[in-house]
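Subject: Structure handover

Hello,

Here is the structure for you to look through. My notes come after it.

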Amino acid sequence: MTHSARRIGRSLAFVLPVVLVLSGTLAVASVPWAGNTAGTQMLTASSENVSVPAAKSRAPQDVLRDKLLVELQQKDPGFALTSLQREVEERPSLAKHCMSIAKALGRAAVEHYGPVRAQTYSRPVCDTSFASGVAHTG
């Protein structure tokens with residue numbers, strides 16, 4: 001019994017690589033490497049860099065700023081400043097962008113509410129950057 005198993009194993013060891021090489025050769029030979037033939041579709045390499053995503057993802061601080069500007073328009077600057085403070089507490093990586101976001105909120109508050117009313121919403125979020133945005137705009 002071991003003699004017949006060994007014989008089958010040797011046959012497979014010889015036949016299997018031959019089959020694989022022949023099938024690979026036939027597959028390569030059937031691809032139209034050169035020239036266009038009618039009715040045959042050819043795959044070509046792209047000259048574009050495939051590692052670059054088609055749509056650029058936005059930075060988290062930009063997404064947050066836009067979200068807070070919408071909140072400022074729909075509710076009020078106080079609500080947006082509270083949301084900013086919570087987001088920075090939850091995601092400390094946003095802290096370095098807090099001042100610029102608060103300034104943008106201050107400028108938007110002046111555009112929406114006027115300088116006097118916008119100043120009433122000022123509070124010490126991100127080193128009073130909101131008030132700075134109000135002051136530089138108004």
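Predicted model: local features only at pLDDT ≥ 70, side-chain atom pairs only at ≥ 80, totals over all residues.

Residues are numbered from 1 along each chain as its sequence is written, and side-chain values use heavy atoms, with hydrogens and water left out.

Whole chain. The protein chain has six helices and zero strands. Both kinds of element are DSSP runs, numbered from the N terminus: helices are H or I with at least four residues, strands are E with at least two. Of the 138 residues, 27% count as buried. Buried means under 20% relative accessible area, exposed means over 50%, and partly exposed lies in between (1.4 Å probe, protein chains only). Take the contacts between residues at least 6 apart in sequence: 62% of them join residues at least 24 apart. A contact here means heavy atoms within 4.5 Å.

Helix α3. The expected span is 1.5 Å times one less than the number of residues. D76 caps the N-terminal end of α3, with a side-chain oxygen 2.8 Å from the backbone nitrogen of G78. The buried residues of α3 include P77, G78, A80 and L81.

E87 also sits in α3. E87 is buried, at 16% relative accessible area. Its side chain makes a polar contact with the side chain of K67, at 3.4 Å. A polar contact is a pair of N or O atoms within 3.5 Å; within protein, one must be able to donate a hydrogen and the other to accept it, and residues adjacent in sequence count only if both atoms are side-chain atoms. Leaving aside neighbours within four places in sequence, E87 touches L64, K67 and L94.

Helix α4. The 16 residues of α4 should span 22 Å at 1.5 Å a residue, and its end C-alpha atoms are 22 Å apart, which agrees. Among its buried residues are A104, G106, A108 and V110. From E111 to V134 is 23 residues in sequence and 9.3 Å in space, C-alpha to C-alpha. G114 follows α4 and has a positive phi, near 90 degrees.

How the two pack. α3 and α4 (residues 98-113) pack at about 170 degrees, with their axes 10 Å apart. That makes them roughly antiparallel. Axes are lines fitted to C-alpha atoms, for helices over the stretch in contact, and angles run from 0 to 180 degrees between N-to-C directions. Under 35 degrees counts as roughly parallel, over 145 as roughly antiparallel, 65 to 115 as roughly perpendicular, and the rest as oblique. P77, A80, L81, L84 and V88 of α3 meet C98, I101, A102, L105, A109 and Y113 of α4.

Best wishes
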